[in-house]
Amino acid sequence: MPASTRPLLVDVHTHIYTPTYVDLLRKRDQVPKVVRSNDGDERMILLKEEEGKGASASGRPIGPQYWDRAEKIRFMDTHGIDVSVISLANPWLDFLPPDEAVHAASALNSEVQAYCSSYGDAQAAESSFAAQTKKRLFAFGSLPLVPGVKVDEVLEAVQQVKGLSHLRGIVMGTKGLGKGLDDPEMEPIYEAVAAAGLVVFVHPHYGIDTSYGEQDNGHALPLGLGFPFETTIAIARLILAGVLDRHPDLKLLLAHSAGALPALSSRLASCIAHDPHVKDRLQHDFRYYLGQLWYDAVTYGPEELALVERVVSRANNYESRDEQLAFVDRVNDRKDLLAPEGHFPGVERILFGTDHPFFPPLEGEGDRWRSVDENLDAIAGVAGWADGERARVMGLNAVDLFGLGI
Ligand code: URA
Ligand code: ZN
């Protein structure tokens, strides 16, 4: 389809390891690290599973696709991506001592700003949207979120990110200042980020234990299950700690569509309601909070994407049991399944992403990435969505959430 007739496509889940960051990893002899293999190629060893034996032991090959802007643009052009909101990839600064993390965050934020802002107007004009905005690259900044860093130092980094024109949010793992996202010490950070209008992209790195057996399955289980369950647990904890009650303006964008959170939200709500220890902790039914979050569309399948949207669409109906039952009645009457544009409020919370440069094609698979096409096909295949809904998920939601038109 020519660029002018297809919907705007914005990628909100796309990573880089900047040259400064890769140099940091090259100097290390412990995971995370970049090593040179016997055949002279560089490999990145990031995950705890990559330390052991087996198919994932030697990590992943790493090359210019991880840091070279020309490679990112080539990837965007191949897949018709107009605009990317890039983020430093895991494990961010988690492994650094506090003073180094503070210094590195500041340097990386400047580096990422330059990466985006020095991409010239003339080059940007190749895309019709970018021709209007003069911009094709935006980014999430990084914060020095490691144990031992003073909250004031994190707040300074928030102000730095706020002041950089192409940075529209921050990327964050699940550890916070070392004690998770439900740590009370995170409160002033949430407050500052919300006040600055920055979007927080919450992304996993550590996974959870997937070793309930002995076969070697390579990277499949740590990435396919460990990553999304880590996000699920971290966000369930954040909600249960009342963070969204205290900071209703906090904008959290969750990687991999929040993992299992949508599928397990009613079970969690029921577990909470049946537990005297937590049942009165939240101002709303647990499911209500799913309507306060944003989700990337990195599900790889239309049914899974539909599940996220349906769960988020109904989120605000869980204020009371009566509203919940009335919602079920409406669905049974099929009224909510006949979807005029904008009828599914959950659609406005879901945004296209690729996870580039991860999940590249295997040898001989051609230029287009199967992982990207699976996520585009998922958006195209959700039952009940009209063109308007697809256009929101493909790009218009990102324009609104990140203020990309300005
Ligand atoms: N593997 C990673 O380490 N990070 C990602 O974001 C995706 C795959
Ligand atoms: Zn990712």
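In this predicted model, Thr299 touches Ser257, Glu304, Leu305, Val308, Asn375 and Ala378, leaving aside residues up to four places away in sequence. Thr299 itself sits in the loop that runs between strand 10 (294-296) and helix 11 (302-313). With a relative accessible area of 16%, Thr299 counts as buried, because the cut-off for that class is under 20%.

Turning to the sheet, 3 strands come together in the order 2-3-4, forming an open sheet with antiparallel pairing. Its edges are strand 2 (33-36) and strand 4 (60-61), each of which pairs on one side only. Strand 2 is joined to strand 3 (residues 42-45) by 4 bridges, and these two strands run antiparallel.

A helix pair comes next. Helix 3 (residues 98-117) packs with helix 6 (residues 151-163) at an angle of about 5°, and their axes lie 10 Å apart. Helix 3 is therefore roughly parallel to helix 6, since angles under 35 degrees fall in that class. On the helix 3 side, the contact is made by Val102, Ala105, Ser106, Asn109 and Ser110; helix 6 contributes Glu153, Gln160 and Val161. Sorted by class, the residues in this contact of helix 3 with helix 6 are 3 nonpolar, 4 polar and 1 charged.

Terms used:
Residues are numbered from 1 along each chain as its sequence is written. Chains are lettered from A and ligands numbered from 1 in the order in which they are written. This is a predicted model: local features need pLDDT of at least 70, side-chain atom pairs count only at pLDDT 80 or more; totals for chains, interfaces and linings use all residues. Side-chain values use heavy atoms; hydrogens and water are left out. Buried means under 20% relative accessible area, exposed over 50%, partly exposed in between (1.4 Å probe, protein chains only). Contact means heavy atoms within 4.5 Å. Two strands pair if DSSP finds at least two bridges between them. Axes are lines fitted to C-alpha atoms, for helices over the stretch in contact, and angles run from 0 to 180 degrees between N-to-C directions. Angles under 35 degrees count as roughly parallel, over 145 as roughly antiparallel, 65 to 115 as roughly perpendicular and the rest as oblique. Ala, Val, Leu, Ile, Met, Phe, Trp, Tyr, Cys and Pro count as nonpolar, Asp, Glu, Lys and Arg as charged, and the others, Gly among them, as polar.
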